[in-house]
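Here is a short report on one helix and on ring contacts. Please keep the model in view while reading.

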Amino acid sequence: MSDIKTFTDKVIAGNTFKGDSIIFGVGMLDKAAVPGAMVKIPLSTLSRHGLIAGATGSGKTKSLQILAEQISLLGVPSLLMDIKGDLSGIAAPGSMNPKIEDRCKMIGIDFVPHGSNIELMSLSKEPGIRLRATITEFGPVLFCKMLDLNDVQSGVVSIIFKYCDDNSYPLIDLDDFKEVLQYVANEGKSDMERQYGLISTSTVGSIMRKIVELETQGAETFFGEPSFEVADLCRLDQNGYGMISVIRLTDIQDRPKLFSTFMLQLLAEIYASFPEEGDVTQPKLCLFIDEAHLIFSNASKALLEQIEAIIKLIRSKGIGVFFITQNPTDIPESVLSQLGLKIQHALRAFTANDRKDIKLAAQNFPISEFYEVDQVITELGTGEAFVTALNEKGIPTPLVHTLVRPPLSRMDILSPDEISAILGRSKLSYKYSAQLDRQSAKEIIQAKLALAREEAQVQKMDAQVEKGRKSTEKGFVESFLNNSTARQIGRTLAREISRGLLGVLGIGGRKR
């Protein structure tokens, strides 16, 4: 048996910090809890991002719940991606039971039930505050990366954005962009080419197909107004606790491109909006992305590169991003290397590939003199995890097999009535509930085309009237000349006029 005192001393020394910290659990050695070996997570380094990994049912969601509610109590707001629909219970106080009581005694903490103040949000038709953004806010670079366009197609999209800016055509939603695409390929083609050069019709068609593909995943519900202001994610409640925003995404699992698009835009908007902070005593906002493999497994290469770049840069804004997934290999290495906090729940070795993945996962952790990491990972029980964080100097804390504390909030979902009550008292609900439909590119272009058609119709009618007038005059003259009486009158008038002229000249005939 390992030296318990040595283990306890190293855990305590490695988990002693100057600033605020979260008690996450107690260390375990030889599968037994070691009293006093508290495992803590410093608040000041949560902006260095993190990973929560483990097999289904191993306790990942509860670890996420613990982190979110504990940092809320310390005044840090957070945003939770609720893909499985089991995070809304964080709004209701938990309840004591024998298992929770025993665990709290082993850890050495009290259990005080607590429900956090939350905002429920949605990207689709789920109950919640609707999150929207405009095409213009995306900008041509992110929009092209989202659609996975090649260089030629991206050039055309950039020209279209410039054309819309120059002509005051606001790009609000996908209908606006499609309307402009159709316009520059047809009625506005000559105008576009005169200002910006030749645009291939086939390229326009390719871009249109990409947009239709995105629409099939429900993206049309995301683009629009009013745009969500990311500053609303950083609010505190009346007690000074951080507000927890829960985005309900239960209907997004089969639409990974929409999820990736939303995450990219959100991260980009936060990065663009928040000021530089450098090292902070506590993060301004923490984002918890559940089922993170949905972002990376179906994202285009360009989209991945953009996400990786933002993850590397956003730390300086005081923002922490935490990925929750089944296996660390779901996260690209370039992102994984940026994650300071690692909470690894159990992994199961059912196949040869599973064993390879476990060995790779073990290599992500600091070397430990107390554990055979790749072996213990397969033996972790529910609610147990390997934990290592960064201390205030950026040095990894000792890797500890941890008995994780229970959440203070409900470990279950809210009822429909409870959800309605939360939405009813939401301060943001009125602000974002009504979708705006101001005049944008689609309406302006349609009005322009309608005016052009009306002018063309008026010109056509004027031409027909003029033609009819000339036809009427010509018909009257021809009718008059063809009449026998008219011809007789004409001959008589001509004869009398001729005689009168000859008489004046003195060469007329007999006088009558």
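At the start of H6, a side-chain oxygen of Asp 173 comes to within 3.3 Å of the backbone nitrogen of Asp 175. This is a predicted model: local features need pLDDT of at least 70, side-chain atom pairs count only at pLDDT 80 or more, and totals for chains, interfaces and linings use all residues. Residues are numbered from 1 along each chain as its sequence is written, and side-chain values use heavy atoms, with hydrogens and water left out.

H6 covers residues 174-185. Helices are DSSP runs (H or I, at least four residues), numbered from the N terminus. The 12 residues of H6 span 17 Å from first to last C-alpha, close to the expected 16 Å. That expected span is 1.5 Å times one less than the number of residues.

Of the 12 residues in H6, 10 are buried. Buried means under 20% relative accessible area (1.4 Å probe, protein chains only). Among them are Leu 174, Phe 177 and Tyr 183.

The structure holds 14 aromatic pairs. Rings of Phe, Tyr and Trp (its six-membered ring) pair if their centres lie within 6.5 Å; planes under 30 degrees apart count as stacked, over 60 as edge-to-face and the rest as tilted. Two pairs follow.

| Pair | Centre to centre | Between planes | Class |
|---|---|---|---|
| Phe 7 and Tyr 371 | 6.4 Å | 90° | edge-to-face |
| Phe 143 and Phe 177 | 4.9 Å | 55° | tilted |

Phe 143 sits in helix H4 (residues 135-147) and Phe 177 in helix H6, 34 residues apart. Phe 177 has a relative accessible area of 0%, so Phe 177 is buried. Phe 7 and Tyr 371 are buried too.

Definitions and conventions:
Helix = DSSP H or I, 4+ residues; strand = E, 2+ residues; numbered from the N terminus. Buried < 20%, exposed > 50% of the residue type's maximum accessible area, 1.4 Å probe, protein only. Polar contact = N/O pair within 3.5 Å; in protein donor to acceptor, adjacent residues only side chain to side chain.
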